[in-house]
Amino acid sequence: MLSGWREVRARRPWRISAKLLIISSVVTVIGFSAICVNVMLDMRRGEEALARQTLENLATTIEADVSRNIEIYDLSLKAVVNNMLLPEIAAVSKPIRHLILFDHATTARHFGAIQVFDADGRLTIDASTLDPQPENRGDEEYFRVHRDNPDVGLFISRPMLFRGAYSIVLSRRISDTDGGFMGVVAGSIRFSYFHELFERLSLDPEDTITVLKRDRTIMMRRPFDLDVIGRNLGDQEVWKPDNLKAGGSFAGQGPIDGTPRLYVRSSGTNPLFVVAGKPLGSVFALWQREALRIGAVVLALALFVLGSAIVLAREIGRRAEAEGRLEEMATTDALTGLRNRRKFDNVIDIEWRRAMRQKTQVALLMIDADHFKAYNDTFGHQAGDQVLVGIAICISDSVRRAGDCPARYGGEEFAVLLPNTSVTEAFEVAETIRGKVQGWSDGGAGSTVSCGIASLTPTAGMDWAVLVAAADKALYAAKAGGRNQSVVASMQKLSLVA
């Protein structure tokens, strides 16, 4: 038991070193991994910020183009409204009236001809012809809005089929000098304008551009889908205005399809605003490739470091075991398995100094096999060795404390160091050893032991050789008194008593 405990003590520093090596390697790997994760997250945030900035620029550019064209077309509508209030407009001929009304009207291939409707919704003037066909728009939303709300100003309708083409209708109210309703002037911007605008952009197939009214009605969308055009997002419970405020962004599933995208909304205050979207997979595609590459390198390095640490830890363990075996061989008596004289001298020196500091007692047993030389000469060296082994076993069985040190002192003589032990306790241990040897001897071994006991508290200037000399004298006294007995040394009177 004692031998095993000391083996553990001897090997513990190496075990701690191996554990520290593994722990430090794990901490290093975790540290580098954390740094790499932080770097990759910064890269991801950078990619997202770059994509957000690109989409914001795109949405702002499209909104500016759309708003400029609406503003230009609205100027034409305002001019027609103002000219309709001229007193002489009703008296002039149709060609002159066209010249007055539409001389400054903007014309473009995506702009529909401006039309004028009277208070009943009947078409009275058409910029595209002097003799328009009969037509009534009294039931249209834009007509009813202007009729019922004098202060609407420019009204942009929902996407609709207007004069044979999908368009958005722009309209203004015509009021007399007293504010009375005289009719509506209306024009249109065809979807072809948006298609041409979007085609000029360099977009990926999954990128989206959505043009919406302030009431969140989808006016146009790329990719184009008639089932989506005209839908009002206010009808969707899960897609609230707070999801995407003016000038803000949103990452996730949008209101139209299930593809997760990064959406950015333009920040202008125009009648129409633009939302640009890009799939998150495209936004982070480059980052994902870099993250996989860096992650693979870090993983390989981590495995290499951990593998190397494990190999080194095993080598340290093997070295510790080898050194433990060497120390065991250097400090253990090969025959009895007890500590040898060199180890005993080292231990007694350490314990003597400790007892001196702590002012505690140290006891020493000197044990000698009785009539061993005669027994050895009679029965041979092998039988003598068996006797020594038997005595060593009896000593080991009787000395069980971790700090005790039983040793073969030399030849047939043994020593047992008992730190922090009084003379009474030491005497009990000695008697236990002597009794066990006696019992074993009665079984046929034919050997007994004599024990000398000394115990004292070290003081400054005192050497442990004093303790050894006292125990040795007590041993000689035991032998002189007839052997097979234990004798205690009296340190005060320097005499021996049984």
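1. Two strands are said to pair if DSSP finds at least two bridges between them. Helices (H or I, at least four residues) and strands (E, at least two) are DSSP runs, numbered from the N terminus. In strand β8, the bridge partner of Thr-210 is Arg-221, and β7 and β8 run antiparallel, joined by 4 bridges.

2. The structure is a predicted model, in which local features need pLDDT of at least 70 and side-chain atom pairs count only at pLDDT 80 or more, whereas totals for chains, interfaces and linings use all residues. Residues are numbered from 1 along each chain as its sequence is written, and side-chain values use heavy atoms, with hydrogens and water left out.

3. The sheet is open and consists of 5 strands in the order β8-β7-β11-β10-β9, with antiparallel pairing. Strands β8 (218-222) and β9 (249-253) stand at the edges; each has a single partner strand, so one side of each is left without a neighbour in the sheet. From one strand to the next, the twist averages 20 degrees. For this value, axes are lines fitted to C-alpha atoms (for helices over the stretch in contact), and angles run from 0 to 180 degrees between N-to-C directions.

4. Strand β11 pairs with two strands of the sheet. With strand β7 (residues 208-213) the pairing is antiparallel over 6 bridges, and Leu-272 in β11 is the bridge partner of Lys-213. With strand β10 (residues 260-265) the pairing is antiparallel over 5 bridges, and Lys-278 in β11 has Leu-262 opposite. A hairpin of 6 residues joins β10 to β11.

5. Is strand β11 (residues 272-279) enclosed or open? Of its 8 residues, 8 are buried, so β11 is largely enclosed by the rest of the structure. Buried means under 20% relative accessible area, exposed over 50%, and partly exposed in between (1.4 Å probe, protein chains only). In a regular strand the side chains alternate between the two faces of the sheet. In β11, Leu-272, Val-274, Ala-276 and Lys-278 point one way, while Phe-273, Val-275, Gly-277 and Pro-279 point the other way.

6. Helix α4 lies across β7 and β8 and runs at about 35 degrees to β8; contact here means heavy atoms within 4.5 Å.

7. The structure holds 10 aromatic pairs. Rings of Phe, Tyr and Trp (its six-membered ring) pair if their centres lie within 6.5 Å; planes under 30 degrees apart count as stacked, over 60 as edge-to-face and the rest as tilted. Phe-191 and Phe-194 form an edge-to-face pair, 6.5 Å centre to centre and with 80 degrees between the planes. These two residues are 3 residues apart in helix α4 (residues 191-199), so about one helical turn separates Phe-191 from Phe-194. Both Phe-191 and Phe-194 are buried. Ring pairs also link Tyr-166, Phe-191, Tyr-193, Phe-194, Phe-198 and Phe-224 into a cluster.

8. Tyr-375 and Phe-379 form a tilted pair, at 4.6 Å centre to centre and 40 degrees between the planes. Both lie in helix α8 (residues 372-379), 4 residues apart, about one turn of the helix. Tyr-375 is buried, with a relative accessible area of 18%, whereas Phe-379 is exposed, at 55%.

9. Two arginines lie over rings. A charge sits over a ring if NZ of Lys or CZ of Arg is within 6 Å of the ring centre and within 35 degrees of the ring normal. Arg-265 lies over the face of Phe-273, 3.9 Å from the ring centre. The charged end of Arg-341 sits over the ring of Tyr-409, at 3.9 Å from its centre.
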